[in-house]
Structure formats: structure tokens, C-alpha cells
Amino acid sequence: MNHPNDDRLDIDGDTLHEECGVFGILGHSDAAALTALGLHALQHRGQEAAGIVSFDGRQFYAEKRMGLVGDHYTDPVLLAKLPGAMAMGHTRYSTTGEVALRNVQPLFAELGDGGIAIAHNGNFTNGLTLRRQIIATGAICQSTSDTEVVLHLVARSRHSSSTDRFIDAIRQMEGGYAMLAMTRTKLIAARDPIGIRPLVMGELDGKPIFCSETCALDMIGAKYIRDVENGEVVICEVQPDGSISIEARKQARKQPERPCLFEYVYFARPDSMVSGRSVYGARKRMGINLAKEAPVEADVVVPVPDGGTPAAIGFAQASGIPYELGIIRNHYVGRTFIEPTQSIRAFGVKLKHSANRAEIAGKRVVLIDDSIVRGTTSIKIVQMIRDAGATEVHIRVASPMIAYSDYYGIDTPDPDKLLANQHDSLESMCKFIGADSLAFLSIDGLYEAVGGEKRNAQAPQFTDHYFTGEYPTQLTDLDGRGKNDPKHVSLLKEAG
């Protein structure tokens, strides 16, 4: 029997937590309301908190709330507190810094030439190192977010214009990021040098928009213009006559773009386009390739909702095995909320997923999932399918095994907690989960599904370190920290 506190029972811990989403618009009379709608479309990228900052030509206004966008920013009274024709917002899942209101972005600072608000999706792999350096020289940090480091670097820059100071700051940052900054007249967008994190540019009523995914543009009826290029900084500025100028500054030596593969596997909404590729189409092709690589005799293909659905459709089409919704997801459950005893904990998965017994009983079932992190949820889903009368349960995963941690904005468990590192063979993993068979999509199969060609080992076309262990940038913070150094960056713990 498992101990009640055994983390194998932690359903919510068995996932790759979402990153963050950013949205900004310049020159539109409904800026704050459109930002709220855009953040709602990006809610899947972070559910802990959301914030919006606006500017009305005279001063900045900020509203930050813990919880979901729809819980707060649908209130006309709250939106009325965010006047002005420019606004930017952020929906958050914490990858650095604890869950606290002081870390909710956008972060704002007063500078000599006016205020600046900054928000970003991703993570700086040298953020902690730079933070310690600036604190050592007298800086005072009010948050534990690595975004605050950028504000300090902007403030300390010797350049005269806000644009040059911002670029000077981000050029000192390492890692993966999609960042927005807002001053009294400008909305600035920047993407990391190899384009790990996504960022797109759109237009509504002739006004520029930047956001993490194209689904946010679709939400408000905006037109997609293009992706912000890797290493590019785009500056949109309101001119004295009310027009908006757009300037793009690019790297002197542009590096090849390497988008994050997990945007296609898991993070991005299926109706989004990431780096010009349909996320839904890529996920469906993952399922097609999986069926070719790991065929199985079965009666029904069942997705683990919602992530496994497109891949399951592809698997069914390629294999000729009927596709059915054998698991029904309850969309009205957040975190598993009642877990005082093991008997109550056992209901955790059933709060979120229920077996559709009519489509499972007496059948050989192929379960299609997008990824497996620790395997704890898979154990419970397999048992649930068996309890519903399945004669066999086969698991097929539409991505390779996750064996390495991420340092670019994905909150992954420690490597020793990943399923791939707890077992020395596929057979051992399969036995642990309780399935009749288990197979993962190959790295080449994933590359072909997303980019149309196999992985180039000499120059990988995507960021894929969580599968391969090949990190695309320096990991300054990790390399410079001893095993006994504390991971936390603040001594203050907020109540709440």
C-alpha cells in the first residue's frame, strides 16, 4: 500500500506545467478589454495569475489578480480602471519565483525618462547569476521573478533612448524568451536569439498587436501579420501626429531558428500556428507516425483528453482502428481539491476523467497520450480503463521519453522523478504503469511530424533537450551553482 503522502498519488504533479502567455496592443481605444480577451485565449499557458498594465497618455494603470483571467477581467468595473489606448498583459504559471502577487507580471518600474512595464514568457538561464551581481552592487529586488532583472538592467543602461536601453538589457540575457515592454509611447517586442519561445505580430483596425500565439489574434478578430523573428526586436511607437511607426532591429549575425518542440507536442493550442506550422496538423502527424512505428492489434483507439486527441485521430486513420471517445473529461474541475485520506485521493483521476464504459468493455484499447512525465496519471488511467472492462490496454505516446529538465520556461520535475529515469527498460516502465504494451514516438518521427524531415544531429532544427539532453544555450545559473546552494532567491514568503 502506498503511503498517503507518497507523491505517486499526486495527479497534478504528473504534468509539464504551462509556461506563460503575453499580449500587447498599441493605439486602440479598447486596449485593456482586447488584452483581457487575448489573455483569455492564452489561458492554457498559465492559470496561476494574470496582470494587465495600460497607459492613457498621462499615467500607467495596473491590475493584477491571482487566478483565471475570466474570474476577474470580465468585470466592466475592473476594466474601467485600465483606461488608455495602449495595454499589455500576462497570464502566468511560475517557473521562477514562488506563487505570489508580487511576481505577477507585467512588472513596472519608474525610470528617469518615464515608466516601463515588462512581461515575458520563458526563462533566463543566467537570471539568477545577474540578479546576484546587481544585488551585490546595491540593487533592491522586490520580486523573485527573473523579469525584474531586465528592469534593473534597463535602468542601469548608459544609452539615451528607451529602445536602446531595452535592447542593451536583453542582449545580456541568456535563455529562451518572448518579451513585451511598454513605455509612454512605445510597445516593444523581442524574441530570444534562437526563437525557443513563440511570439507573433498581428493587426486590428490598423493597430499593432503582439502575442504568444495566433489563437489570441483569432479571438479578437485580428489579422496575423508575421512571426517576430528569432533575435529580432520590433519597436512600435506613437508619433506626435497619432500615427504609429514600426521599426525592426535584427541580430547582426542571425542564428538558425530552433523553436521549442513542446509547443507542438503540448503547450500551444491546437488551433494556433507556431513558426508557420499548424499545431493541430503536427499533432495529427505525430499520431500517424506513431501508428507506423509502433503498430498494435486492437479494437479501439482512445485519446487521453485533451492533449492526446489530435494524435489519436492520426493514429486511428493510419492504423484503420476505429477512434472513439473512450474517456470523457470533466472540464469543470481545476486542481484535485479534496485529498485528506488515501481513499479520497483515489478519486483524483475520476474527478477529471471518466471511462466511457460502452466503448471500452470487452475491447482491446490503444490509449494515445501526448507525453508521459512521471507516469502516475497513466497508472490510474490504465486501471480506470481496465475497471471499465477493457481486455487489453496498450499505451502509445506521441512524443519521445522525457529524460531531462528544462530551463527555458517549462516547469519540469527533477530528472530523478521522471519516469524515463526511474526505469532501465521500456518493459519496466510498462509494468510500472500496468499496461499490456508501451511505446513512444521516436525523435525522428517527431521531427518529421513537425518539420517534415528527420533530426539533423549536427544542427538540430528544433529545441529538443528534454528528449536528447542537448541544450541549445549556455546554462550559466545551473553550471555556476553548487549542489548545496539554495534554489530560492528570496527570504520573504507572502501570506495567502
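Which side chain does the side chain of asparagine 121 make a polar contact with?

**Ground rules**

I'm working with a predicted model, where local features need pLDDT of at least 70, side-chain atom pairs count only at pLDDT 80 or more, and totals for chains, interfaces and linings use all residues. Residues are numbered from 1 along each chain as its sequence is written, and side-chain values use heavy atoms, with hydrogens and water left out.

**Entry: asparagine 121**

I found the partner: the side chain of arginine 45, at 3.1 Å. I count a polar contact as a pair of N or O atoms within 3.5 Å; within protein, one must be able to donate a hydrogen and the other to accept it, and residues adjacent in sequence count only if both atoms are side-chain atoms. The asparagine 121 side chain also reaches the backbone oxygen of cysteine 20, at 3.3 Å.

I placed asparagine 121 in strand β6 (residues 114–124). Helices (H or I, at least four residues) and strands (E, at least two) are DSSP runs, numbered from the N terminus. Is asparagine 121 buried or exposed? I put it down as buried, because its relative accessibility is 0%. The cut-offs are under 20% relative accessible area for buried, over 50% for exposed and partly exposed in between (1.4 Å probe, protein chains only).

I then listed contacts (heavy atoms within 4.5 Å). Leaving aside neighbours within four places in sequence, those of asparagine 121 include Glu19, Val22, Gly176, Tyr177, Arg197 and Ser212.

Valine 200 sits in strand β9. I logged valine 200 as buried because its relative accessibility is 2%. Beyond four places in sequence, its contacts include Ile209, Phe210, Leu217, Tyr224 and Val228. I also checked glutamate 229: it lies 29 residues from valine 200 along the chain, yet their C-alpha atoms are separated by 8.7 Å.

β9 (200–204) turned up again when I looked at helix α1. The buried residues of α1 pack against β9, and also against β1 (20–26), β2 (49–55), α2 (76–79), β4 (86–92) and α6 (214–219). Helix α1 (residues 31–41) is mostly covered, with 8 of its 11 residues buried; among them are Leu34, Thr35, Gly38 and Leu39.

I followed strand β19 (residues 364–369), which has 5 of its 6 residues buried. β19 pairs in the parallel sense with strand β16 (residues 300–303) over 4 bridges; I count strands as paired if DSSP finds at least two bridges between them. Proline 303 has isoleucine 368 of β19 as its bridge partner. β19 also runs parallel to strand β20 (residues 392–397), joined by 6 bridges, and aspartate 369 has valine 397 of β20 as its bridge partner. The chain goes from β19 through α13 to β20 in a right-handed β-α-β crossover. Right-handed here means that, with the strands pointing away from the viewer, the path from the first strand over the helix to the second runs clockwise.

I checked the length of helix α13 (residues 376–387): at 1.5 Å a residue, its 12 residues should span 16 Å, and the end C-alpha atoms are 17 Å apart, which agrees. The expected span is 1.5 Å times one less than the number of residues. Buried residues of α13 include Thr377, Ile381, Val382 and Ile385. After α13 comes glycine 389, with a positive phi near 105°.

**Entry: whole chain**

I noted 18 helices and 21 strands, and 55% of the 496 residues count as buried.
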